[in-house]
Amino acid sequence: MTAKESNGRCPDCGEWVAIIVRAGMPAEIPPHGCRARACEYPGCPVTRFMDEMVQSASGGWHCPRHGLLLAAKDLVALYERKGEADWTAICEIIGETLPEIVKKVEAFRPFRLPERK
Ligand SMILES: [Zn+2]
Ligand SMILES: [Zn+2]
């Protein structure tokens, strides 16, 4: 099958990149330092610029709402830990992680603005 290089825009960050087009296949977008990240939560379609997304300590990216959900689950898990709750970790999440996520959730637009032409 012949592969053709062509100029196209990355659908996620809008950058011009050399995309690879094969007949009958979706265009392939090579790595290009993309500023956009897709939410890793199963079934979540959200892809946004990194500064709108939430990165977990393990390096995964999530949309603000799922970031908030995962932070809440972390808190519950730390609170319910056998023996004693890990208050140091709990306070860290409440004091440092949650305020940032809350800001992103409040700024989050459910739909993308139409592309500027
Ligand atoms: Zn991109
Ligand atoms: Zn998500």
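Helices (H or I, at least four residues) and strands (E, at least two) are DSSP runs, numbered from the N terminus. On that basis the elements of the chain run β-β-β-β-β-β-α-α from the N terminus on, with two helices and six strands. This is a predicted model, in which local features need pLDDT of at least 70, side-chain atom pairs count only at pLDDT 80 or more, and totals for chains, interfaces and linings use all residues. Residues are numbered from 1 along each chain as its sequence is written, while chains are lettered from A and ligands numbered from 1 in the order in which they are written.

Q: What is the mean pLDDT of the chain, and where is confidence lowest and highest?
A: pLDDT is the predictor's confidence in each residue, from 0 to 100. The mean for the chain is 90, and 93% of its residues reach 70 or more. Confidence is lowest in β1, at a mean of 88, and highest in strand β6 (residues 61-62), at 97.

Q: Why is I90 called partly exposed?
A: A residue is buried if 20 or more other C-beta atoms, placed from the backbone, lie within 10 Å of its own, exposed if 12 or fewer, and partly exposed in between. I90, found in helix α2, has 17 C-beta neighbours inside 10 Å and therefore counts as partly exposed.

Q: What is the count of buried residues in strand β1?
A: Among the seven residues of β1 (residues 3-9) the count is zero, so by the definition of buried the strand is hardly covered. Across the 117 residues of the chain, buried residues make up 11%.

Q: What makes β1 and β2 a pair?
A: Two strands pair if DSSP finds at least two bridges between them. Seven bridges join β1 to β2 (residues 16-22), and the two run antiparallel. R9 stands opposite W16 in β2.

Q: How do you know that the span of helix α2 agrees with its number of residues?
A: The expected span is 1.5 Å times one less than the number of residues. Because α2 (residues 87-107) has 21 residues, it should span 30 Å, and its end C-alpha atoms are 29 Å apart, which agrees.
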